[in-house]
Amino acid sequence: MKKVLMVMAAAAAVLSLAACAGNANSSSSSQNDSAQTSEQQETMLGTSVFTEEDGVLTYLDTERSPFDGAGLKITVDKPAKTVKFVKTGLDGSETVEYYNFDFNSNTVEQYYYVSMMGTGFYYTFDLDAGEIVKVEDSDRNDSTQSAKDNGRYDSANERMKSDVEALQNYFTKQYGVEISDMVND
């Protein structure tokens, strides 16, 4: 009889611990849900994180950029129908590299600096075609054919496609709207 009582007591203790663990997991889950809800609210209210000055919206994001080791300064100019993403350091200091979405021409212009060469290039990406339509050197001379002849066009085109897609996905996830919707409302 003593053994039966001890087994029952042990079973009760195990069930009691399991119930406590379940409540702890439930509490932890509830806290995670609260944190997720706050994040979702920030995402849904994303446009409220922008500051407005003279009709131009700006925001500096040094924490969630889609580019490793970089932040983004985002400038939304509704009258001009452009959204510009300037790469920054994690401290917010601007670099010369940027992506400018222009919804008048449905293109993205990227300035890409090549430190080994000490110069940069301008790439014009057609959003409808999904490819680079023009490459210019730092003096704005057309070098599209040169890039193709030297075998640099295809890799630049793939990088540009990937970057544009990353920016579009980032923007939709963080601010709850597509980039184009920021200027077309």
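Are Lys87 and Glu97 buried or exposed? Lys87 is buried, and Glu97 is buried as well; buried means under 20% relative accessible area, exposed over 50%, and partly exposed in between (1.4 Å probe, protein chains only).

The views below come from a predicted model, in which local features need pLDDT of at least 70, side-chain atom pairs count only at pLDDT 80 or more, and totals for chains, interfaces and linings use all residues. Residues are numbered from 1 along each chain as its sequence is written, and side-chain values use heavy atoms, leaving out hydrogens and water.

View A. Helices (H or I, at least four residues) and strands (E, at least two) are DSSP runs, numbered from the N terminus; two strands pair if DSSP finds at least two bridges between them. Strand 3 runs antiparallel to strand 4, with 7 bridges joining them, and Thr75 has Lys84 as its bridge partner. On to strand 5, also antiparallel to strand 4, there are 6 bridges.

**View B. Lys87 with Glu97.** These two form a salt bridge, with the closest N and O atoms 3.6 Å apart. Lys87 lies in strand 4 and Glu97 in strand 5, so the pair ties together parts 10 residues apart in sequence. A salt bridge is a side-chain nitrogen of Lys or Arg within 4 Å of a carboxyl oxygen of Asp or Glu.

**View C. Arg140 with Glu109.** In this salt bridge the closest N and O atoms are 2.9 Å apart. Arg140 sits in the loop between strand 8 and helix 2, while Glu109 belongs to strand 6. Shared partners join Glu109, Lys134, Glu136 and Arg140 into one salt-bridge network.
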